[in-house]
Amino acid sequence: MRINSKTKIVGIFGYPIVHSLSPVLHNAAFAKLGLDFVYLSFPVKPEDLEDAVKAIKSLNMVGVNVTIPHKRKVLDYLDEVDHQARMMTSVNTILHQDGRLIGYNTDGEGFLESLRREGEFDPQGKRAFVIGAGGAACAISFALVKTGIKSIILTNRTPEKAKILLERLKKNVKNQCKFSLVDFSQRNSPGIMDKVDLFINATSVGMHAGDSVLINPDLFPSNTFVYDVVYNRKTELLKEAEERNLPSLGGVGMLVYQATLSFKIWTSRKAPIDEMRNILRAEFNEHKVKG
Ligand SMILES: NC(=O)c1ccc[n+]([C@@H]2O[C@H](COP(=O)([O-])OP(=O)(O)OC[C@H]3O[C@@H](n4cnc5c(N)ncnc54)[C@H](OP(=O)(O)O)[C@@H]3O)[C@@H](O)[C@H]2O)c1
């Protein structure tokens, strides 16, 4: 990569940010397409977020990704926020266009692309069970309701957060999707899983070796699709699904697709998805982590 005075700058704002794979993913994609862009990592403390967002304009950057802990707060500093990101109150991508900062969220769409393209699963008319109520669960739930999905069951260890997500979904979504809340302690009760077509672990459980499986996999109906958002290793949940011959996917695809969507927003170019996936595989191997 040859950086010069015309090189366009994108990057990521988060805190801490050391483990982000986004610089590797995007820089590989820019190199593959011969685009004169560079992607840098910016550790931005919460108290510095407003100044950092202003700097996108003053430094004439093309845009940035935004990650934990800024995805919500950053909405306060943007000129415009796309409808989906506004509903979710969460922005992961900013575009600097004609002097204005526009916020988007590509996580949910990244999940859907992965589910449809890699999993060959169409959520329309199906019933989903989402465990978790953080950023990933929110993005996934809002994305699913756009697909014509029939119903979504939500549960979360901290029930208040699940209630907040449910209320936000109900307030913003006016279609036929039926929502229900299950108490976390009741998630393995008989009957709940009977008619589930799609089970999603949207918690961070599974990231570490020895993490438990939050659901009893014996309860999955015979063709349930199991999706685990965790991407740094093959989780116990995915191993259980495979043992039962259930269709399943880990979170690598979601990570790659959300990045391709940000890439498109900044460059108007289709991202080289195979290159991005390969670079991620290489990163995981380098760090001796099972992808
Ligand atoms: N594949 C991708 O592209 C992608 C994108 C975004 C995130 N992710 C992954 O998704 C996971 C969640 O990320 P996030 O941004 O949603 O984080 P978050 O906002 O901090 O939410 C974490 C969620 O995990 C739950 N949780 C954590 N520990 C738990 C435990 N021991 N038992 C039960 N529930 C537990 C939390 O429940 P409480 O509310 O009770 O704390 C909460 O629902 C992470 O592994 C992240 O790497 C993947």
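1. Arg 127 has 27% relative accessibility, so it counts as partly exposed (buried is under 20% relative accessible area, exposed over 50%, partly exposed in between, with a 1.4 Å probe and protein chains only). Its side chain meets that of Asp 197 in a salt bridge at 3.5 Å, N to O (a side-chain nitrogen of Lys or Arg within 4 Å of a carboxyl oxygen of Asp or Glu). The two sit 70 residues apart, Arg 127 in strand E7 and Asp 197 in the loop between strands E9 and E10 (strands are DSSP runs of at least two residues, E, numbered from the N terminus). Asp 197, at 16%, counts as buried.

2. Some housekeeping: this is a predicted model, with local features needing pLDDT of at least 70 and side-chain atom pairs pLDDT 80 or more, while totals for chains, interfaces and linings use all residues. Residues are numbered from 1 along each chain, and side-chain values use heavy atoms, without hydrogens and water.

3. Asp 218, Glu 240 and Arg 244 form a salt-bridge network. Arg 244 pairs with Asp 218 at 2.6 Å and with Glu 240 at 2.7 Å. Asp 218 is exposed at 58%, whereas Glu 240 is partly exposed at 24%.

4. On to the ligand: 23 residues surround it, with Arg 157 and Gly 251 among the closest (near means a heavy atom within 4 Å). A polar side-chain atom of Arg 157 lies 2.9 Å from a ligand oxygen, and a ligand nitrogen is 3.1 Å from a polar backbone atom of Val 229.

5. Domain 1 (8–106 + 253–286) and domain 2 (122–246) both give residues to the shell, so the ligand lies between them (bounds from an automatic or database domain assignment).

Terms used. A polar contact is a pair of N or O atoms within 3.5 Å; within protein, one must be able to donate a hydrogen and the other to accept it, and residues adjacent in sequence count only if both atoms are side-chain atoms. Helices (H or I, at least four residues) and strands (E, at least two) are DSSP runs, numbered from the N terminus.
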